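Here is a short briefing for a first look at this structure. Please keep the sequence and the 3D view open while you read.

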Amino acid sequence: MTAKPLTNPLTVLGLETSCDETAAAVVRLAPDAPVHVLSSVVASQIADHAPYGGVVPEIAARAHVEIIDAIAQRALTEAGVGVADLDGIAATAGPGLVGGVMVGLAFAKAMALALGRPLIAVNHLEGHALSARLSAQVPYPFLLLLVSGGHCQLLEVAGVGACRRLGTTIDDAAGEAFDKIGGALGLAYPAGPALERLAEGGDAARFPLPRALIGRKGCDFSFSGLKTAAARLAATLTAPDDRRDLAAAAQAAIARQLVERTGRAMAVYADAHAEEALRFVVAGGVAANRAVRLALQDLAQSEGFSFDAPPLAYCTDNAAMIALAGAERLAVGLADDLDAVARPRWPLDEAAARERPTHLAGRKGAKA
Ligand code: KG4
Ligand code: ZN
C-alpha cells in the first residue's frame, strides 16, 4: 500500500522484543517533514547469552519481562512525551523467538486497551525494510538487501504492506555465518565485528572457500556450505597469520556472494522500474561490515543505483523502525485488533513464501 498524504502528525510508541534486545522508541511522523525519532532506547541482553554461544529463548523471554516497562517508560521520558500524547502503540508481532514477541505484544495490547489507542502489530522484517527512512529521505520504491543474524533477503519495497521478495537464503543468514566462523576462530558471540577486526590485513586469497550459488540464476543465497567449510578449517588453525587469512577469506566469500546475488536482483528490479530513479538500501547488522558495505556501494554505483545504509543504531535491532512502520501503517488506516497473535514465522511477502518455499516443514521457516 502506498502512503497517502498525512494531514496530522502521528506520535507512535514502538516496542521490539523479538530476539535479544528489549527496545522502545517514540517516533513522530508529520506532513511534509522528515521522520522525527524522539527517542530510541535499546537494552541488549548479549551478556546474558554470551556463556551459551547464542541466544537462549527462555532467558531472552524472561529478560524482556523484567525490563520492558522500565524501557518503555525511559523511551517516553527521553522523548518528553506522555502516554496521552500517543496516537498508537506498535509492537513487533513476529517473526522471532515467540516467547519474547509475546512479551512486547502483550505489553502493547495492555497499553492500547488502557489508553483507548490503536494497536499496530508490526512485522519485524517490515521494520528493517523501512529503517533507512528513519535517517534519510528515501522515497518508495527501493530495492533492499536485509542482511543480519536472522535474515538475508532481497526485497522490493513499495510501501507498508507492499514488499515483494526477490530472493532469500535457502539455509543460513549471512550474520549466522559470520558468527559461527568467528566462534570457530575463538571469537566471542556475536562474532561478526571481531571477525572483521581479525581479517584486517589478511590474505583473502589464501584459503579457497565454497562459492555456493554464485553463477546460478535467481537471487537466493546459501551460506551453510561456506559456513561449515570455513568453521572446520578454523578449528585446525592456531597460528595468528593463518587465523587472520581465514577470517579475511571468509569475509570476502560472504561479501562476494552478497554482491553477486544483489547484482542479479538489481537487474530484475531495473527491468521492472525502467522509467524511475533506481534506489538501493542495505540494512541489518551485517551492513555494519565495511568490506560488505563498500562492495555493495561499488555495485550500486556501477549499476546506476543510489546507495543508502542506515546508521548502525538503525541497522541492528531497534524499536524506532517498529514505531516508524507502525506510524506509516496508522497513516493509511492499517491498525490491528487486540486479538493479534505473536507469530514465530511470518514471511513479509506471503505469496512468494507460498510459491517458492525455501524451507521444509519443521525447519527455521520465514525468519531466515
Ligand atoms: O540486525 P542484527 O542486530 O540482529 C538480527 O536481527 O539478526 O544483526 C546481528 C548480526 C550478527 O550476526 C552480527 O555478528 C552481525 O550482524 N554483525 C556483523 C558486523 N556487525 C554486526 N557482521 C560482520 N561484520 C560486522 N562488522
Ligand atoms: Zn532484526
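Is Lys227 buried or exposed? Lys227 is buried, with a relative accessible area of 14%. Buried means under 20% relative accessible area, exposed over 50%, and partly exposed in between, with a 1.4 Å probe and protein chains only.

This is a predicted model, in which local features need pLDDT of at least 70, side-chain atom pairs count only at pLDDT 80 or more, and totals for chains, interfaces and linings use all residues. Residues are numbered from 1 along each chain as its sequence is written, chains are lettered from A and ligands numbered from 1 in the order in which they are written, and side-chain values use heavy atoms, with hydrogens and water left out.

- Side chains of opposite charge can pair when their charged atoms come close.
- A salt bridge here is a side-chain nitrogen of Lys or Arg within 4 Å of a carboxyl oxygen of Asp or Glu. The count comes to 13 salt bridges.
- Lys227 meets Asp172 in one of them, at 2.9 Å from N to O. Asp172 lies in the loop between strand E8 (163–168) and helix H5 (174–184), and Lys227 lies in helix H7 (residues 224–234), so the pair ties together parts that are 55 residues apart in sequence.
- Helices (H or I, at least four residues) and strands (E, at least two) are DSSP runs, numbered from the N terminus.
- Asp172 is buried too, at 7% relative accessibility.
- A network of salt bridges links Asp172, Glu176, Lys180 and Lys227.

**Two other salt bridges**

- Arg329 pairs with Glu126, and their closest N and O atoms are 2.7 Å apart. Arg329 sits in helix H11 (residues 320–331) and Glu126 in helix H4 (residues 124–130), so this bridge ties together parts that are 203 residues apart in sequence.
- Arg329 is buried at 17% relative accessible area. Glu126 is buried at 2%.
- Arg164 pairs with Glu156, with the closest N and O atoms 3.3 Å apart. Arg164 is partly exposed, at 37%, whereas Glu156 counts as buried at 11%.

**Ligand 1 and its shell**

- Which residues come nearest to ligand 1? Of the 19 residues around it, they are Gly149, Gly150, Asp179, Glu196 and Asn289. A residue is near a molecule if one of its heavy atoms lies within 4 Å of it.
- By class, the shell has 6 nonpolar, 10 polar and 3 charged residues. Ala, Val, Leu, Ile, Met, Phe, Trp, Tyr, Cys and Pro count as nonpolar, Asp, Glu, Lys and Arg as charged, and the others, Gly among them, as polar.
- Domain 1 (10–135 + 314–345) and domain 2 (142–309) each give at least three residues to the shell. The domain bounds come from an automatic or database domain assignment.
- Backbone N or O atoms lie by oxygen atoms of ligand 1 at 2.7 Å for Gly149, 3.1 Å for Gly192 and 3.0 Å for Gly285.
- Taken alone, ligand 1 exposes 560 Å², and the protein buries 88% of that. These areas come from the Shrake-Rupley method with a 1.4 Å probe.
- H5 and helix H6 (192–198) are the elements that give two or more residues to the shell.

**Asp245**

- Asp245 is found in helix H8 (residues 240–272). It is buried, at 5% relative accessibility.
- The side chains of Asp245 and Arg206 are joined by a polar contact of 2.6 Å. A polar contact is a pair of N or O atoms within 3.5 Å; within protein, one must be able to donate a hydrogen and the other to accept it, and residues adjacent in sequence count only if both atoms are side-chain atoms.
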